[in-house]
Amino acid sequence: MVYFFYLTEAKTRGRKYIRNRGYGGSVRTSDQASVKAIFKKLSQAWQSLTNAHILAWNSAALSAEARSVLGSKTKIIGFNLFMRLNYWVVFCGGDIMETPPALSGLDAPAPATLTLSDEVFTLKLDSIPTSVTNIKLIICASAPQSNGISRAYSKAAEFIAPRTPVTTAIALKSAYDQKYGAPSQEARRGKVSSGRNNNFQSLAN
């Protein structure tokens with residue numbers, strides 16, 4: 001008899017560890033359905049690419065690099081690169097790129113100030129690129145979680161339409177409340193009312 005143990009890498013509170021792989025429940029949310037629909041569309045598009053297109057993506061992937069949850073470096077193949085670069089393009093309403101773009105580098109994400117109170121929920125970027133043509137800002141959040149930041153991060157989803165980056169404060173409360181409901185006093189208790197975050201990133205469309 002052969003036993004198969006399915007493990008996966010994970011990280012929480014800065015600590016890396018190995019755990020049994022989970023497969024989730026049978027309930028599918030609208031956010032999950034949206035993500036699956038985009039992946040399905042991209043998978044079908046990949047299958048319809050010409051051999052020359054596939055060779056171009058495989059060649060571009062040779063210089064690309066990815067990291068696992070545990071931080072180890074790994075190589076990716078053309079299909080992975082195709083899916084990674086096209087996902088947000090399609091999400092933002094753009095056309096699927098059949099050939100890999102010429103990547104000249106990415107600007108480091110600008111610091112952002114998040115303001116949260118009973119009446120106000122805004123995000124303000126300290127700076128934006130000189131040209132914001134074809135650049136979209138994607139903002140994700142989760143419903144209030146009682147079991148840690150890592151859980152909230154894994155459940156984060158887009159709750160407001162992609163927008164062109166601006167340096168003025170972006171009002172988020174109405175869109176957040178519409179998707180998740182207004183957080184209760186208990187959910188707000190103990191949270192910082194305002195703060196800075198360096199993890200916001202603009203994505204090319």
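Me: Which residues are exposed on the other side of α1?
Reply: S30, K40 and Q47 are exposed there. Bear in mind that this is a predicted model.

Me: And which ones are buried in α1?
Reply: I38, L42, A45 and W46.

Me: Where do those buried residues fall, seen down the axis of α1?
Reply: They fall within an arc of 105°, so they line one face of the helix. In general, an α-helix has 3.6 residues a turn, so residues three or four places apart point the same way.

Me: What covers the buried residues of α1?
Reply: The cover includes α2 and α3.

Me: What span should α1 have, and what are its end C-alpha atoms doing?
Reply: Helix α1 runs over residues 30-47, which is 18 residues. At 1.5 Å a residue it should span 26 Å. Its end C-alpha atoms are 26 Å apart, so the two agree.

Me: On to the other two helices. At what angle do α2 and α3 pack?
Reply: About 90°, with the axes 7 Å apart. Helix α2 is residues 51-61 and helix α3 is residues 78-91. That angle makes α2 roughly perpendicular to α3, because 65 to 115 degrees counts as roughly perpendicular.

Me: Which residues make the contact?
Reply: From α2, W57, N58, A60 and A61. From α3, G78, F79, L81, F82, L85 and N86.

Me: How many of those are nonpolar, polar or charged?
Reply: Seven are nonpolar and three are polar. None is charged.

Me: Stay with α3. Is M83 buried or exposed?
Reply: Buried, with a relative accessible area of 11%. M83 sits in helix α3.

Me: What is M83 in contact with, leaving aside neighbours within four places in sequence?
Reply: F39, L42 and S43. L42 is also one of the buried residues of α1.

Me: How many residues apart along the chain are M83 and F39?
Reply: They are 44 residues apart along the chain. Their C-alpha atoms are separated by 7.4 Å.

Me: Back to α2. What about H53, buried or exposed?
Reply: H53 lies in helix α2. H53 has a relative accessible area of 18%, so it counts as buried, the cut-off being under 20%. Leaving aside neighbours within four places in sequence, H53 is in contact with E98 and T99.

Me: Switching to loops. Where is R163?
Reply: In the loop between β9 (157-158) and β10 (170-171). R163 counts as partly exposed, at 31% relative accessibility.

Me: What does R163 touch, not counting residues up to four places away in sequence?
Reply: I135, K136, L137 and I170. The C-alpha atoms of R163 and C92 are separated by 8.9 Å, and these two residues are 71 apart along the chain.

Me: Where is N134?
Reply: N134 is in the loop between β6 (121-125) and β7 (135-137). N134 counts as exposed, at 53% relative accessibility.

Me: What is phi of N134 near?
Reply: Near 60°. That is a positive value in a residue other than glycine.

Me: Last bit, the whole protein. How many helices and strands are there?
Reply: Six helices and 12 strands. The protein has 205 residues, and 22% of them count as buried.

Me: And among contacts between residues at least 6 apart in sequence, what share join residues at least 24 apart?
Reply: 59% of those contacts.

Note on methods. Residues are numbered from 1 along each chain as its sequence is written. This is a predicted model: local features need pLDDT of at least 70, side-chain atom pairs count only at pLDDT 80 or more; totals for chains, interfaces and linings use all residues. Side-chain values use heavy atoms; hydrogens and water are left out. Axes are lines fitted to C-alpha atoms, for helices over the stretch in contact, and angles run from 0 to 180 degrees between N-to-C directions. Helices (H or I, at least four residues) and strands (E, at least two) are DSSP runs, numbered from the N terminus. Angles under 35 degrees count as roughly parallel, over 145 as roughly antiparallel, 65 to 115 as roughly perpendicular and the rest as oblique. Contact means heavy atoms within 4.5 Å. Ala, Val, Leu, Ile, Met, Phe, Trp, Tyr, Cys and Pro count as nonpolar, Asp, Glu, Lys and Arg as charged, and the others, Gly among them, as polar. Buried means under 20% relative accessible area, exposed over 50%, partly exposed in between (1.4 Å probe, protein chains only). The expected span of a helix is 1.5 Å times one less than its number of residues. The arc is that of the directions from the helix axis to the C-beta atoms.
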